[in-house]
Amino acid sequence: MAEKKLFTPARIGPVELRNRTIRSAAFEGMGKDNNPTPQLKDYHVSVARGGVGMTTVAYAGICRSALSFDSQLWLRPEIVADLRQLTDEVHQNGAKASIQIGHCGNMTHRSTAGQIPVGASSGFNLYSPTIVRGLRKEEMKDIVGHFGRAVDLARDSGFDCVEVHAGHGYLISQFLSPYTNHRRDEYGGSLQNRMRFMNECIEEILTHAGSDMGVIVKVNMNDGFSSGLQEEDCLKVAKELEKSGVHALVLSGGFVSKAPMYVMRGKMPIHTMTHYMPQLWLKYSVRMFGGIMVPTHDFRPLYFLDQARMFRRELSIPLVYVGGVTSREDADKLIDEEGFEFIQMGRALLNDPSFVNKMKENSSHVSGCDHVNYCIARMYSKDMACYQHQKDLPKGICREIDKILKKNGKNQ
């Protein structure tokens with residue numbers, strides 16, 4: 001019988017991980033005033049202590065206009081010392097550290113971004129809601145430069161890799177998708193033109209990464225709706241990135257402002273989400289229309305596998321599978337049978353930061369996460385937390401959780 005590969009070392013460019021597991025860049029909601037906090041550090045250190053090969057600090061904006069929330073990180077010199085404490089402790093516990101860098105594009109507000117939100121094209125983002133202005137070419141050049149400087153800051157902060165967010169409807173994805181890119185210049189129209197901004201960002205990032213930092217890119221395999229990118233064009237994007245020389249791709253899907261649950265699957269607990277919202281107008285608007293605005297996509301283990309197989313057949317670059325990894329059996333199947341070099345996990349490691357060590361100790365281990373998505377419902381208003389770790393939850397939230405558990409065929 002062939003040796004299982006999950007707990008063998010593997011490389012992402014110049015960086016060697018002790019095993020094939022990565023904590024995904026699931027947004028923690030643990031920043032404050034766009035700065036890291038002790039809570040953020042402690043969480044990632046707990047995941048490193050729990051056996052993961054590399055932990056990824058979630059979305060860090062490359063400049064102020066890249067920010068959607070005060071709880072996101074703004075990657076700038078002022079936070080390097082605090083981030084260095086995080087990476088030092090992660091390294092002391094045997095894991096590598098990555099940070100996801102990106103620009104949110106049109107998914108923000110003037111008060112947060114310091115300007116009218118910008119995107120590939122002008123228009124109105126109903127999901128923010130806000131007016132959006134299309135980027136001018138000189139602004140695009142500035143953003144490209146910010147991506148390069150973000151890599152330098154990540155290195156100064158002790159990170160081993162950067163994960164570039166080019167999916168989920170963030171700015172690079174907004175250029176790639178025909179749903180959000182209506183430009184008439186050389187950055188719009190054909191897919192080759194729509195990839196131009198991405199290519200410029202990646203070239204700058206690779207230049208700054210040099211020979212000592214790993215460069216990972218998160219890409220969509222499908223935008224998750226009919227007027228967005230479909231698999232065929234997403235595969236062309238992936239092949240373009242492979243050609244550019246990036247070290248690995250994370251295969252994902254969905255569009256936060258159009259098909260958010262395509263990314264994470266399962267039902268969005270609307271009552272829970274609105275309970276934690278501070279703005280009354282938003283709270284009641286979402287309660288009335290949230291079921292329509294956030295369509296449900298059923299959860300099942302390894303929900304992206306059918307799409308990811310197509311990408312695995314067509315690409316030679318190391319691929320990171322993400323989406324519904326819930327057990328050691330799942331993990332072994334992905335690595336040994338399906339040929340993915342790495343796996344990423346989010347909710348399983350929020351439920352139990354020691355999930356990786358427990359998989360190593362027990363080949364039959366299964367995550368205790370039951371995917372009611374309480375963690376997702378609160379992560380933009382508070383920190384991302386598993387309901388199983390919370391005490392004295394409001395009765396309305398408990399009723400909603402019970403209802404979802406019953407629908408999922410589970411009892412609390």
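Select Lys243 first: with a relative accessibility of 67%, Lys243 counts as exposed. On the scale used here, exposed means over 50% relative accessible area, buried under 20%, and partly exposed in between, with a 1.4 Å probe and protein chains only. The model is predicted, so local features need pLDDT of at least 70 and side-chain atom pairs count only at pLDDT 80 or more, while totals for chains, interfaces and linings use all residues. Residues are numbered from 1 along each chain as its sequence is written, and side-chain values use heavy atoms, leaving out hydrogens and water.

**Stop 1: Lys243 and its partner**

Lys243 and Glu240 form a salt bridge, their closest N and O atoms lying 3.6 Å apart. The term salt bridge denotes a side-chain nitrogen of Lys or Arg within 4 Å of a carboxyl oxygen of Asp or Glu. Side chains of opposite charge can pair when their charged atoms come close. Both residues belong to helix 8 (residues 231-244), where they are three residues apart, about one turn of the helix. Helices (H or I, at least four residues) and strands (E, at least two) are DSSP runs, numbered from the N terminus. Is Glu240 buried or exposed? Glu240 is buried, at 13% relative accessibility, whereas Lys243 is exposed.

**Stop 2: the whole protein**

The protein has 17 helices and 14 strands. Its radius of gyration is 20 Å, close to the 22 Å that the globule rule gives for 412 residues, so the protein is as compact as a globular protein of that length. That radius is taken over C-alpha atoms, and the rule is 2.2 Å times the number of residues to the power 0.38. The C-alpha trace spans about 55 × 50 × 45 Å along its principal axes.

Colour by burial next: 61% of the 412 residues are buried. The protein exposes about 16700 Å², of which carbon and sulfur atoms supply 49%; accessible areas come from the Shrake-Rupley method with a 1.4 Å probe, and for residues only the protein chains shown count as cover. Among contacts (heavy atoms within 4.5 Å) between residues at least 6 apart in sequence, 71% join residues at least 24 apart. In total, the structure holds 24 salt bridges.

**Stop 3: Arg11 and Glu16**

Another of these pairs is Arg11 with Glu16, at 3.7 Å from N to O. Arg11 is partly exposed, with a relative accessible area of 45%, and Glu16 is likewise partly exposed, at 41%.

**Stop 4**

Select Glu338 and Arg309, whose side chains meet in a salt bridge of 2.8 Å, N to O. Glu338 lies in the loop between helix 13 (328-337) and strand 14 (342-345), and Arg309 in helix 12 (residues 305-314), so the pair ties together parts that are 29 residues apart in sequence. Glu338 is buried, with a relative accessible area of 15%, while Arg309 is partly exposed, with 29%.

**Stop 5: helix 13**

Which residues of helix 13 are buried? They are Arg328, Asp330, Ala331, Asp332, Leu334 and Ile335. Their cover includes helix 12, strand 13 (319-322), strand 14 and helix 15 (355-361). Just after helix 13, Gly339 takes a positive phi of about 85°.

**Stop 6: Arg347 and Arg265**

Move to Arg347, which is in helix 14 (residues 347-351). Arg347 is buried, with a relative accessible area of 11%. Not counting residues up to four places away in sequence, Arg347 touches Met264, Arg265, Phe299, Tyr303, Cys369, His371, Asn373, Cys375 and Ile376. From Arg347 to Gly368 there are 21 residues in sequence and 9.7 Å in space, C-alpha to C-alpha.

Among the residues touching Arg347 is Arg265, which sits in the loop between helix 9 (260-264) and helix 10 (270-275). Arg265 is buried, with a relative accessible area of 9%. Although not a glycine, Arg265 has a positive phi of about 70°.

**Stop 7: His168**

End at His168, in the loop between strand 10 (161-165) and helix 5 (171-176). His168 is buried, with a relative accessible area of 7%. Its phi is positive, about 60°, although His168 is not a glycine.
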